[in-house]
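User: I would like to learn how to read the main features of a model like this one. Please take them one at a time.

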Amino acid sequence: MSTSLVERDTAQPTRTTAPLDRLLAAEVRWVLRRPRTLVMLGLFALIPVLIAIGIVVADRQAGGGLIGAVAGNGLVLPIAALTLSLTLLLPLAVAMAAADAIAGEASHGTLRGLLLAPVGRLRLVGVKAFGVLVVATLAVLVIAVVGVLAGSLIVGGSGQVVTLSGTTLGTGEALGRVALVAVWVIGQLAAVGAIALALSSLTEHPLVVLASVLGGLIVFGVLGAIPALDWLQPWLLTSGWGASADALRDPLPLGGLGESTLRALCYLAIGLGFTAVRMQRRDA
Amino acid sequence: MSLSTHATPAAAPTAAGVVPLAAKAVGLRKVYGRTVAVEGIDLEVPTGSVLGMLGPNGSGKTTLIRMLLGLTRPSAGTAELLGAAVPKDVASALPHVGALVEGPGFHPFLSGRENLRRVAAAEPLLTSAEIPGAVGTALERVGLTHAADRRFRGYSLGMKQRLGLAGALLVPRKLVVLDEPTNGLDPAGTRDVRRIIGELHAGGATVIVSSHLLAEVEATCTHVAVLQSGSLVAAGELGSLLDAGTGGLVVATPDVDLALTTLRDVGATAFRDAGDEPAVVVSDGPEAPEIVALLVRAGVAVHEARRRRPRLEELFAQLTEGSS
């Protein structure tokens, strides 16, 4: 064993870091082998199904709004399910992934192992952010795909979508709108994930991260609901979370979706920047 | 603490730059709030040595190790690992360093083998194709093959410790740092650790091992560093440290009374040895050759003269209990 090491030493300069693709693959493998990730994804698959069943049972009594628009309009279901989940469940799932990513690893003593391997501290932030993004993407995909299926099979409809504006979209364009909302939701979740990672880099207790994100969401919601604090709206991540309904208008207004995406990018940059700075100095 | 002043020069020939150093600390200091964990430690670990780091609980052993590995930033002072400045260039040294610090850290929901594969994926010196083999070899080396595919959650304390050891041995290392490797291990496990340290030493690797088992350290280490309340109270080669300890000279002779009179006449401190053989112990006085010459000239039959080494345990007690 030692001779092979010597040979390699002379053949090429010693690697000081493992290949990035291998690190990312190991991270995803670890994320997906975590039982709670799998349970969470399974529960997300239930959300569109439950909404679909609820709508069929309540039948035509549903009023207006996004849920009301689903009745007899199956392809609206994934958009409604994503919008509904974005208010609490999806951010919670992402926060959980981010909490495990750094605080959880620290509490298990495995963060030390990664730093000693060594995985560079900056690189580690990148790998961890990737892992959180994978969880967010998978959760959104599960809701979107199961939503399309449940919408078509349980709620039914003509395969076309009647928009909130009263016009009708073909199946292709309707699926395009679902994809647009899915991508937009992933963007919003990336922002939540970055903030959660920043919190995660500050503590060894995953629950602190979860509680902080949950508390933050509630505070943001309350602040957004106070009319006297209207001036605060442009700064709150949550204030643009109703924009997904825009996807059901014709012609498609991109203002709300664009603005909230821009806001999410700001949160993302701040969160990742803070995490990177903090990880440089963190004891492990 | 006269002992440390005796002991430090003993390590000097190896530390003077003739022998390259595997690790070096200069004035390392770490303060947590108002608590001083490590107070200005200078330490040199020669390449190829097995350094036993001793000290009571809370004496700063782990903090010192963590600073050497770049896991914790020192409040003051500098450290070097395999010639690389810590923490600035530590990334170039760490691939050659295996470490088990503050107990084994693994994920409970993964099996031992999967945990190790995850660690191996981050090892720069392993190609992806080598990983399964390296993991298998490391598991075998610590005697954990039979339990490799059980979840870490169900491992006993000793098995967890063995897995941590396997993680440090995934790649042939230049330096292996083991913080309390024998924690929770049964006697067979302790023997395994001793064997592994021996193998590493024979292979030319440097080993830093902190332990409470003084007999283990005495059996495996070439060098020792003794910490007390965050300060280094003694460091150097095990042999010269023990020689410098207050052991004295044992002279085996049937003429005990004549020997005692002769020695006391020249102002030496001597007393009858408590052992089975008739002998005198000279604990203070002239140098050994002088004593022997003196006795022979006085007509004392000297059968044997040997340094009486204190056991490491006695030395450790003198060093750490005397000053507290």
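Analyst: Start with the secondary structure of chain A, which has eleven helices and two strands. Their order along the sequence is α-α-α-α-α-α-α-α-β-β-α-α-α. Keep in mind that this is a predicted model.

User: What size of box do the C-alpha atoms of chain A fill, and what percentage of its residues count as buried?

Analyst: Along the principal axes, the box is roughly 75 × 45 × 30 Å. Chain A has 284 residues, and 43% of them count as buried.

User: Which residues have the most contacts inside the largest nonpolar core?

Analyst: A nonpolar core is a set of buried residues of nonpolar types joined through C-beta atoms within 7 Å. The largest one here has 172 residues, and Val94(A) and Ala196(A) have the most contacts inside it. H9(A) provides the largest share of this core, 17 residues. Leaving aside residues up to four places away in sequence, Ala196(A) touches Val94(A), Ala95(A), Ala98(A), Ala99(A), Val209(A) and Val213(A). Another core, of twelve residues, lies apart from the largest one and includes Leu263(B) and Val300(B).

User: Is Gly170(A) buried or exposed, and why?

Analyst: Burial is judged by counting C-beta neighbours within 10 Å, and a residue with 12 or fewer is exposed. Gly170(A) has 11 such neighbours, so it counts as exposed. Gly170(A) sits in the loop between strand E2 (168–169) and helix H9 (171–200) of chain A. Ten residues away in sequence is Gln160(A), and the C-alpha atoms of Gly170(A) and Gln160(A) are 4.9 Å apart.

User: How many residues of chain B are in contact with chain A, and which helix of chain B gives the most?

Analyst: On chain B 28 residues are in contact with 30 residues of chain A. Helix H3 (90–93) and helix H4 (112–121) of chain B each supply at least two residues of that side of chain B. H4(B) gives the most, three residues. By type, the side of chain B that touches chain A has 16 nonpolar, eight polar and four charged residues.

Notes
Residues numbered from 1 in each chain as written. Chains lettered and ligands numbered in written order. Predicted model: local features only at pLDDT ≥ 70, side-chain atom pairs only at ≥ 80, totals over all residues. Helix = DSSP H or I, 4+ residues; strand = E, 2+ residues; numbered from the N terminus. Buried ≥ 20, exposed ≤ 12 C-beta atoms within 10 Å, placed from the backbone. Contact = placed C-beta atoms within 7 Å. Nonpolar A, V, L, I, M, F, W, Y, C, P; charged D, E, K, R; others polar.
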